[in-house]
Amino acid sequence: MNELKSCRYTKRMALGAWVGGALFAAGCVTINIYFPAAAAEKAADRIIDEVWQLKGGAPAIPVAPATNSKPATQ
Amino acid sequence: MKLWIAKCFLLMAVLAGGGQAAAQANLEINTPGIAAIQGSMQKRHTELAPLYGSGAVGLTRDGNVALRDPASVPLAQRAAVNTLIAAENQDRAALYREIARANNHPEWEAEIRSTFGQRWIDRAQSGWYTQNAASTWVKK
Amino acid sequence: MRLARLCVAALLLCLWGIVGHTQQITLTVDDVTGAGFSAQGIRLTFVGGGTTAIEIGALKFGEQSWKNIRLDCNLLRLEREGVACDDGTLMLAEKIPLSFSYLTDKRVLNVVLKPAKDETWQLNLRPAKGGKDVSVKVAGGSVLRFLPWLPGSMPKLNAGVLNGAIEYNADGRISAKLNASNLGFADAAGLHAGEKIGLTIDAQVEPAADTIRWNTSVTWTGGEVFWQPVYLKAALQQLSAEGRFDGKALRVERGSLKYPGVGDAAFSGTYDLAAKQLTQGRVSAPSIRVAALYESVLKPFLDGTLFADLRTEGRVSAEAEVNANGLQRVDVRLENVSFEDKAQHRFALFDVSGNVPWRAEAATQADITVKGGELLKMPLGAFAVPLAMNGARFELKQLRVPLLDGQIDVRDFVARSDADGGYWQFTGGVSGISMDKFTAALGVPVMYGTLDATLPMVRQEKSTLRVDGALSLKVFDGTIEAKNLVLLDIFGKAPRVQADVVMRNLNLEMVTRTYSFGNISGRMDSTIIGLELVNWEPVKFDARLASSAGNYPRKISQAAVQNISALGGAGAAAAIQRSFLRFFEQFGYDKIGWGCKLQNTVCEMSGVAGEDKPQGYVIVKGGGIPAITVMGYNRQVSWQELLNRIKRVTQGNIKPIVE
């Protein structure tokens, strides 16, 4: 997983100021907005499969009846 | 009557079993917007595939397609091919933007584009042209 | 010209410098310069036996320069009448076979260069009254020899053969008759290219009092050109023009473009060289065939728009005038112009005729009449378009287009364009259109009643279309109102629509009949708040359906109950068939209520307000005899699944099973 650029930046700063760096690193953790690279790759592959028709047929839509109703006499 | 109600409860129990699968670490790509773009790209692919094959069009590093070898496209078809490329790149831009938007992180667009750029290239068929790290064309 | 003179001078210098038959004579000239021309380090070596060599250390001609040029002549004949070299070689970038002769008494110079097989460049200089006549003849000349002189910004020439002659007369007249064939050019991106082009060029220049008169005619005889986005094929198109040039402005007095199959155009104008501006210009093209114009010129520009694939006919005449301030006047006359969306049949207009007299700085009125047309396969009647124009502002007080048995009204249409782009707005509506005809034409389930809708104010800015006020229409004996309607990115790949919709007092009998949903009698209100469509599919809304207040018969048929149940899955529908309920055709009800809050592809459902039971929610609350209550249990359903079920039900795929 990739971390957001701001994190890399703080890491680089931490390297520069080795001793005080811990504080920056700690700050980094709290604002750790990351880009889910692995998930993005997976999403990309799924779309590429579809667009380029790489796998036979589209994956079936999961049919899970999520509702039901029944008639009842009063 | 009692039997009916019992039957109904049974039915209810069976039907109520299914539920919505929770979204885990996956990116959301099942939105009408993404589906529309994907459908349009899939339709266009039948026209683009022979152009990838002939080397006229290649896949760029930045997740686009480009006219690599204009000379291999007859003049009469040049406009159509250019239009095809422009339309494909427009769709691709929209796709990257929509995925970022659908996941409530519009700022991910550039990273989604670069991820796709790499995956399109990795998964290109042999014989197709793709751009390497130095942005020069390489035949797969 | 100057070059030729200098050449001769140098040649004579060298020849006359030779006296007697010495073994070797070397003559050196440091510098020869002329306008745009200079030669340095000229050395002439005369070896016994006729072998002669002329060397030039550096030659500059215009922007081009060469180094170490050498002319060898194996056999230089020196005779009484003149000098001749039959077998020479010019060493430039390559070895070019050359021959020349000079007749001393007639003072006629002939130079023949044969740089390649079947390629000859011939120069002839002869004295004439007031100077010299010069002619250049070329046979099989490669245009690639001009490559170094052409600006780098142009697409690169890659092939071409030149034949013809250029004549210069001592009195200043020049005439050229040239024929280019197999001409090719291309740029790296492939956006501008030409192949196998054939051109016939005929040009004359003649000095007049203090100007130069010129005329030229170019005919395109063969090949094809792609100039993004236009592709054209040679069809003997002919461009002719004549005018004057006084050093400051290029004046075209009479110009014409003949395009066989499309039509002819005439033009004139003045181009100011200092200001780099067209200070005056006029184009007129009478009676152009719209079909040919569309196919060969317009179509490439319309790709990706609504007008990308049209069938067109009719004729159009156009005249335009520009001056230093820009476009001043456009007059367009349409003669029975028809166009039709060829593949998708979304729209068509037939026999559009009239005049459009546009002026940059005056108010004018266009009178256009349309004999008929089609919109989404529905016939349009005849109508007139009284368009008022004033510069970049266009107004239409009223436009009434007959559609089916009713009409579309557009009122107070205003469009203007400024630096920020375009903007338009109008109010209007549709009225008196029979719903049965309308729905049949659209291919949706047939509805009854009349379609009356008002469009309070429709505005478009950039790609956003906004409807102020409420769009209302009367259907199913009730009203449907759409408010806060916004269309974003309407011509994009994924158009977005936002709206709030309120429906009142719909006649359920009409609704259920229309959608083959069994039969429910009664009245229904509905609200859909925050409706959001992407690519015309709902992604978000909060919808509620509820029985209207008031007294009216409330009946629900068995088929309708089955269908409502079937929305909960096929099993529930089958269940009713096994119960005694199947013996009743109709049931009474008290209230119907159903809600669906769509978000993230999941619909969160609810039933009649205030009737929730611990185990579920009530969709149909029974009342009367025999009464029926339909309950829903699971509150969440995938939107796609719900859609599939609705589709199955309304398409009647679930047939009653009678056991």
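Helices (H or I, at least four residues) and strands (E, at least two) are DSSP runs numbered from the N terminus. The model is predicted: local features need pLDDT of at least 70, side-chain atom pairs count only at pLDDT 80 or more, and totals for chains, interfaces and linings use all residues. Residues are numbered from 1 along each chain as its sequence is written, chains are lettered from A and ligands numbered from 1 in the order in which they are written, and side-chain values use heavy atoms, with hydrogens and water left out.

**View 1. Loop position of C:Ala609.** C:Ala609 lies in the loop that links strand 39 (602-607) with strand 40 (617-622) of chain C. Its relative accessible area is 60%, so C:Ala609 is exposed (buried means under 20% relative accessible area, exposed over 50%, partly exposed in between; 1.4 Å probe, protein chains only).

**View 2. Surroundings of C:Ser240.** C:Ser240 belongs to strand 16 (residues 237-245) of chain C. C:Ser240 counts as buried because its relative accessibility is 19%. Neighbours within four places in sequence being set aside, C:Ser240 is in contact with C:Thr216, C:Ser217, C:Arg254, C:Gly255, C:Ser256 and C:Phe267 (contact means heavy atoms within 4.5 Å).

**View 3. Buried residues of helix 2 of chain C.** Within helix 2 (residues 290-298) of chain C, the residues C:Val290, C:Ala292, C:Tyr294 and C:Ser296 are buried. Their cover includes strand 15 (230-233), strand 17 (249-259), strand 19 (277-289), strand 20 (310-323) and strand 21 (326-341) of chain C.

**View 4. Packing of helix 3 of chain A with helix 2 of chain B.** Helix 3 (residues 37-52) of chain A packs with helix 2 (residues 32-54) of chain B at an angle of about 55 degrees, and the axes are 7 Å apart. The two helices are therefore oblique to each other (angles under 35 degrees count as roughly parallel, over 145 as roughly antiparallel, 65 to 115 as roughly perpendicular and the rest as oblique). Helix 3 of chain A contributes A:Ile47, A:Glu50, A:Val51 and A:Trp52 to the contact, while helix 2 of chain B contributes B:Ile34, B:Gln38, B:Met41, B:Gln42, B:His45 and B:Tyr52.

**View 5. Chain B.** Chain B has 4 helices and 4 strands, arranged along the sequence as α-α-β-β-α-α-β-β. Of the 140 residues in chain B, 47% are buried.

Definitions and conventions
Axes fitted to C-alpha atoms, helices over the stretch in contact; angles between N-to-C directions.
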